[in-house]
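Good morning, and thank you for coming.

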Amino acid sequence: MSFKIKNKSIVSIVMGSKSDWSTLKKSAEILKKLKIQYIVKIVSAHRTPMRLVDFAKSAKKNNLAVIIAGAGGSAHLPGMIAAITDLPVIGVPMETKSLKGLDSLLSIVQMPFGIPVGTVAIGETGAKNAALYAASILSLNNKKIANNLRIWRNKQTLSVKHSPKK
């Protein structure tokens, strides 16, 4: 099985199931604003393990530089990808019904020594921050992304009022 990516992308947003898209689309929205190419795929650690292995093994040759992986519950997806590729993996814990995402957060953040996963907050805030984290990583070697990120942050700063009365 080959996991070919047709367009030249540098960030991949992967999720365990279609239901995670409602949260992870927030990552896509930020990447789009920053003019960073990305692809979106469903890669389940439990239901499509061979797809996961193929995806992670071929990530570099498919021009990926950073992987944003969202997962809920046992949340093995980010850690399994990180175990196979040496690309940066950012784990986004999905909010769950039973434990409000705490189960996902703890699963992602408690990686064993040697297999790091950058972990962000639970849910939409985490998804947004994952995109900004990916942009920060990419900006180390890409002046255009660095400039777009700087402009985005300046706009955010300017949007904060100096006083609650104005």
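What covers the buried residues of α3? The cover includes β1 (11-15), α2 (49-58), β3 (66-71), β4 (89-93) and α4 (102-109). In helix α3 itself, residues 77-84, the buried residues are L77, P78, G79, I81 and A82. Helices (H or I, at least four residues) and strands (E, at least two) are DSSP runs, numbered from the N terminus. Buried means under 20% relative accessible area, exposed over 50%, and partly exposed in between, with a 1.4 Å probe and protein chains only.

A word on the source. This is a predicted model, in which local features need pLDDT of at least 70 and side-chain atom pairs count only at pLDDT 80 or more, while totals for chains, interfaces and linings use all residues. Residues are numbered from 1 along each chain as its sequence is written, and side-chain values use heavy atoms, with hydrogens and water left out.

I turn now to the interior. A nonpolar core is a set of buried Ala, Val, Leu, Ile, Met, Phe, Trp, Tyr and Cys residues joined through side-chain atoms within 4.5 Å. The largest such core has 24 residues, and V11, L24, I36, I68 and V92 have the most contacts inside it. Helix α5 gives the largest share, seven residues. A second, separate core of 20 residues includes L77.

Finally, two single residues. N148 lies in helix α6 and is buried, because its relative accessible area is 16%. K97 sits in the loop between β4 and α4 and is exposed, because its relative accessible area is 81%.

Key: Contact means heavy atoms within 4.5 Å.
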